[in-house]
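Take a look at the model below. Some questions about how its features get their names follow.

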Amino acid sequence: MEGIPVISTHCLITKNKIIKDGQIIFEHPGTAGSFLDIVYSHLEIHYPKFYKMDNLCKLGILAAGVLLHGTQHEKKYKDNETGLILSNSHGSLDVDVKYAKTIQAGASPSLFVYTLPNIVIGEISIRYHFKGENAFFVFKDFDGNFMAEYVMNLFENNLIKNCICGWVDYFEEDYRAVLFLSELNNQENTLIFNADNLNKLNQMDYG
Amino acid sequence: MYKLKEQVIERLNLKDLKPADIGDDQPLFVEGLGLDSIDALELIVLLQQEYNIKLSNAEDGPTVFQSIRTIASYITANSTEKVST
C-alpha cells in the first residue's frame with residue numbers, strides 16, 4: 001500500500017439538497033422522484049439510460065457523479081483499481097413494492113431487473129467503467145466502523161488503489177446518499193480515512 | 001403509429017423522446033434507438049396488455065420489433081384492434 005488512505009472528497013444528497021465537501025451546491029423543492037430528475041438535468045450528465053433506472057440507481061448514479069466531478073478520477077485510475085462498497089437499510093424495497101403491484105396485470109421486466117439493491121453498484125460501474133472490487137451490504141444504519149475496516153482490508157491487500165464507499169438508500173419519499181472517495185495519499189493535513197471520520201461526516205446535519 | 005410511439009415511450013421510460021422523434025422505419029435496437037434486451041421483454045408485455053397479442057414464437061422478435069412500422073404491421077395482422085396512424 002503506497003500512502004495512507006484519506007477521504008479526498010465526500011458528498012451528501014438528501015432532503016432536496018446536494019452537499020459537496022460540506023458546502024450546499026444545489027437545492028430545489030419537489031418530491032423525491034422529481035428532485036432526482038431535476039438534479040439529473042442540472043448536472044448535465046447526458047445518460048439516456050437514467051430515466052429507465054429505479055430511484056435507488058438514479059440516486060446512486062447522481063451521487064457518484066457529484067462525488068467524482070472535478071476529481072480527474074477517470075485519468076488517474078485503471079478500470080480495476082476502483083473499489084465500490086455501498087450499503088443501505090431498505091435494500092431494493094422501493095422498487096420491490098412497485099414490481100409486486102405489476103405482477104397481477106403482467107409483471108414488468110424493466111422493474112424486475114432492479115429488485116436487488118446491488119444493481120446500483122452495477123449501474124454505477126457501467127456508467128464509469130469500474131471493474132474493481134465491489135460489495136453491497138444492508139444495515140439498519142450507516143456503520144462507519146464496518147465500512148472503514150472492509151475498505152482498509154482491500155487497500156492493505158493491494159486489491160484497490162481508491163474506493164468509493166458509503167450509503168445509498170431510497171424508499172418512497174425518504175432518500176439519502178452519502179459517498180466518500182478514499183484515495184492513497186502521502187500529504188499532510190488531509191482527512192484520514194477511518195471510522196471516526198466516516199461516522200462524523202455521515203452525521204453532519206445541513207438543516 | 002403515433003399512438004404506438006406514445007405507448008412505447010411511456011412503457012420504456014424514454015423521457016427524452018417525443019413521438020415525432022421516432023421515425024416509422026427507424027431501427028429500435030442497437031444503432032437506432034439503442035433499446036436493449038429488457039426493453040424487448042417490455043415490448044412483449046406491451047403487446048399482451050394493450051393489444052392482447054402473445055408473441056408465440058420468440059424467434060419472430062427481431063423481425064417484429066425491428067421498427068415501429070413492423071410492430072404496427074404485426075399488431076394489425078394479429079389483433080382485432082387497429083393501430084391508428
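**Cores, helices and contacts**

Q: Which residues is A:Ile13 in contact with, leaving aside its neighbours within four places in sequence?
A: A:Ile13 touches A:Ile18, A:Leu59, A:Leu62, A:Ala63, A:Val66 and A:Ala177. Contact means that the C-beta atoms, placed from the backbone, lie within 7 Å.

Q: What kind of model is this, and how are residues and chains labelled?
A: It is a predicted model, where local features need pLDDT of at least 70, side-chain atom pairs count only at pLDDT 80 or more, and totals for chains, interfaces and linings use all residues. Residues are numbered from 1 along each chain as its sequence is written, while chains are lettered from A and ligands numbered from 1 in the order in which they are written.

Q: What makes a set of residues a nonpolar core?
A: Its members are buried Ala, Val, Leu, Ile, Met, Phe, Trp, Tyr and Cys residues, joined through C-beta atoms within 7 Å. The largest such core has 53 residues. A:Ile13, A:Leu59, A:Ala63, A:Ala177 and A:Leu179 have the most contacts inside it. Helix α2 (residues 55-68) of chain A gives the largest share, nine residues. A second, separate core has 16 residues, including B:Leu43 and B:Phe65.

Q: Why is A:His69 called partly exposed?
A: A residue is buried with 20 or more other C-beta atoms within 10 Å of its own, exposed with 12 or fewer, and partly exposed in between; C-beta atoms are placed from the backbone. A:His69 has 14, so it is partly exposed. A:His69 sits in the loop between α2 and α3 (73-76) of chain A.

Q: Why is chain A called as compact as a globular protein of its length?
A: The radius of gyration is taken over C-alpha atoms, and the globule rule is 2.2 Å times the number of residues to the power 0.38. For 207 residues the rule gives 17 Å, and the radius of chain A is 17 Å, close to that value, so chain A is as compact as a globular protein of that length.

Q: What makes the crossing of α1(A) and α2(A) left-handed?
A: In a left-handed crossing the near helix is turned anticlockwise from the far one by less than a right angle; clockwise makes it right-handed. The crossing of α1(A) and α2(A) is left-handed. Helix α1 covers residues 32-43 of chain A. Helices are DSSP runs (H or I, at least four residues), numbered from the N terminus.

How values were computed: Helix = DSSP H or I, 4+ residues; strand = E, 2+ residues; numbered from the N terminus. Contact = placed C-beta atoms within 7 Å. Axes fitted to C-alpha atoms, helices over the stretch in contact; angles between N-to-C directions.
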